[in-house]
Amino acid sequence: MPLLHTILQTAVCMLFIPGTIQALGYTAKTPGDSSVWNPVADTLRTGELDRITIRSTRIDEPVRFQPVRVEPFGLEDLSLHTGESIGSLLSRSSLFVRDNGPGGMALPSQRGLSPGQTQVLWEGFPINSLSLGQSDISLLPAALFQSIEVSPGTPSSSYGGASLGGNLYLTSRSGRRTDATGQKEWLSGSLGAGAFGNRAGSVHLSNIGERQTLSATLFGSMAENDFPYPDHRNDREMRRENNAGGTGHLLVSGDRELRNGSLSSQLWVWDRLEEIPGTVLSSYPDTRQRDLGIRWNSHWSGTVGRWRVTPRLFLERYQFTYREPSSSIDSRLLSDRLLTSVEAELLTTGTVRWTGGVSGGLERVDTNNYPDTKQRLRTAAWIRPDITTAGDRLRLTPAVRIDTYSDFGQVLSPSLGINWEMVPDRLHLRGLASRDFNPPTFNDLHWQPGGNPNLKPERSIKAEGGFYWLPEWAGIRTVEWTVYRIWLNQGIYWSPVNSTIWSPENVEELHARGIETRIETEWFAGPTRLQLSTAADLRQVEIGSARFPGDQAPGRQLRYVPEWSFRGEIRADTGPFTLLTDYRWTDRRWITADHTSWLPPHQIVNLTFLLKREWRLFTGQVQLSIRNLLDESYEIIRWYPMPGRHLEFTLRLGLPFQPGS
Amino acid sequence: MNEQPTITRFSIRQPIFTCFLALLLLAGCSDDLLNDPTGSGDGQVLVLNEGNFSDGNGSLTVYDPDSKESLLRAYQQANSSEFTGIIQSGTLAGGDLFIVKNNPNEIEILDPVTLKSNNVISVGEQEITPVHVVRLNNEKGYLSSLYDGRVYILNLQEGSVEEEWIEVGNNPQQMLIAGNRLFVANSGFGNDNRVSVIDTQTDELLTHITVGTGPSRLELDSNNRIWVLSRGLQAYDGTERDPENDQPGQVDLIDPSGLSHLATIETGGFPTAFALDPLNGTAWVVNDDQVQQINMETLSLDEERTIDESYHGIGFYQERGEFYLAENTSYEQNGRVIVYSLEGAPVDTFATGIAPKDFLFLER
């Protein structure tokens, strides 16, 4: 039934809607007809993608020239979620967010693999938790970023381990970088308020000079998150309790053009204090969690002879405390990262463009959950000759990377990507095969008791292929289709050693396969622009072999992985008004490995209304959102309810040009 | 003197044995019990399935040893609603079945025959982490609380927890009433070695009796001796196991009248569950990857008669002369129970909910 449901929905949206739209008098945009463009509604989603250089794969080309599927989100997408974390934005992508609800964790899962197997990169450096391996994206406010790339197919040869399920690439908001419209803002700010005591505000200030820019983004939010939910056990309505929290972030970014290159630096400081509600079955009124951290990265990029050289430096200090008095839990953690790399690119106009680099660093974790301070040294070297041939229509990207870790040794990660522009400016065939790895986390290795210092890295073979089509026909702008397979072995699986101690071993084998499709259309009727996009994802992720005697999981879909999901968006822009509707249908998720219980499918509709005005030098924008319009009662993680229908209001003001400029 | 059964070493990993169990498992899957969760025979076996903590999916499985039919989720059948929580323990007393749960922290009182839920005592707001309930009389019971080292007094008439409590040792778990005294096993997760004794008339702590490391389970035998199972302590030096500093588990016997320590039986290993078989004078101990037998008269281990398998729980059905071993495959999928005759032959197996842990035997 879910399959039939999805096929029908996809068929309706992909086949009948364009016809209906045409019947209503809308016309498809023709190339070069720039006069019909709405001046206030420019977005990355509608054919401007060639302006965007993708970073998540290290192949600095636009989306259509990549060997793997990449979903970029730009400033305008992010600005719709100014007062929130990036989680709500990313739920509009193929990535599945394992969301514990407002005030709780939100973990990204790509292609059905675990959150610890998705690498989250900030300006090219990993920010996944050293102890857990995963990255809680509820800690990442959308207001801090200029763009986010969702790249499930990125191999380990690009940025190293933890990328069995690809990566998420975050680029900081800065004065130098412009949005898709080419617009730079000198001053902007937003204030948001919403249901359940949500308050958020941000200020972004840029000082843009001829050769240098300096910008700062300040973000703060607080919320009670006391939303109502149905207590099905007792047939009554309850309110989420002990779920309040507040967070503050400061991001300072600077760029300076030098005589022989450019210097760029970003500093990010944050603090978050939260109550922890736990499941709706438990009550931990005195439980608190605090996350405090600082990250800094800096790089210089310039030419040395025939080479462009980019040395980079990254520092991170993260402090975490979790106190649960009722269970006498007092967990403390302090982690440090010092990473450095040097990348080099041979400046040539030939068929082969050589790039490569070396990196190294130290990672250290000090926590009362380990017997003493633990650290690891890591080094890596990689090389990638990008080959462009056949009249610039065939791109081959072979790469090999070798990583050396002080705790488990060396890992070799080769990959081979291809992108063939079969029909110029219209159709690209693409594919990539890679051997990837995921290092054991510090908790896997050192948790006391149970940590296993003899763990090996998880390994996988990943392959994907598909096409990227720009038909420019019947309003259809882009069609993407991707099929993938992942064979994972040496997966780390925690199992009970006895009644109180669990320990991890490299015993898990996973087989993942899936199909990702996406169609984007664009229509015009007078001053009105209508954009539609639909996407359907199939993920089949199974345990490959028994992990212990009597294991009933092999051959069954993994827990908490929806086999099907469907997304649709409709956006209408007319004059200063914008109406955006997004729809998501998520298949059931198994709770138990033997498929004896599950969470039912759910569908979510969000409605957003935008009004943009200009007044003298200022731009203003009012945003009203109705989230979960259908008031769906649902959970993504068992016993963590999601809020029903609720309102959010955001006011944004901007001063695009620096006074005197 | 009871006749001792003849048991030889056997392993569930032997192919023929596994096939036999598989056939039994298939044969035992019937919907008949769905119409009558109490079964049709002279008695029934209630399996307490702990469940996975984060999913709160403990469950009760009913097994009819006569028809060999089982009902996987008997609570749901009886109450038309999901059972919610992690089962810590179950106590049959005074015609009630007390199921102690975490996540949510509450005591659910069921009719032991129909499994209909009659009352729920919620203790979450008091920040009690309930482990075990014992009933003194119609009015009063006791509740051990894992993390605060206390035993709380239950008002069974009102279905509430009294404001008084009794300080005992570290991480109290199972309790037992013998005469006018309440005995509390303070496990300390391997960092306590005492059984606390409380006067049930004054609710005052009388004394502590020193036993093995990590006492967690108590059982009274027909000779009025309390058997105490201590789990021991698995030592770690950092993340590395440190076997030299292990403190192995053991079984101790206590005289509840004289409050004296009677004997110690060194089992070695780290035992997790036990059951007394008074018919044959045997104590069965689940210990690491084996099930040991202790002669209850000589208080000695019978080394020759060990079952080489790892189990999660054990129960002895005295009226039928069968013992039940719970097999927990993982906390993400259903477990199963294997029924053995006293001769050591598997006579049946049936599927259970997640992490089967304890057994209760109901006779009509």
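Tutor: Let us go through confidence, folding, one residue and the chain pairing. This is a predicted model, where local features need pLDDT of at least 70, side-chain atom pairs count only at pLDDT 80 or more, and totals for chains, interfaces and linings use all residues. Residues are numbered from 1 along each chain as its sequence is written, while chains are lettered from A and ligands numbered from 1 in the order in which they are written.

Student: What is the mean pLDDT of chain A?

Tutor: pLDDT is the predictor's confidence in each residue, from 0 to 100. For chain A the mean is 89, with 90% of its residues at 70 or more. Over residues 1–26 of chain A, however, the pLDDT is below 50, and it is also below 50 over residues 28–47 of chain A.

Student: How many helices and strands are there in chain A?

Tutor: Both are DSSP runs numbered from the N terminus: helices (H or I, at least four residues) and strands (E, at least two). Chain A has five helices and 36 strands.

Student: Is B:I226 buried or exposed?

Tutor: A residue is buried if 20 or more other C-beta atoms, placed from the backbone, lie within 10 Å of its own, exposed if 12 or fewer, and partly exposed in between. B:I226 counts as buried because it has 22 C-beta neighbours inside 10 Å. B:I226 sits in strand 17 (residues 226–230) of chain B.

Student: How many residues of chain A are in contact with chain B?

Tutor: Contact means that the C-beta atoms of two residues, placed from the backbone, lie within 7 Å. Here, 36 residues of chain A are in contact with 27 residues of chain B.
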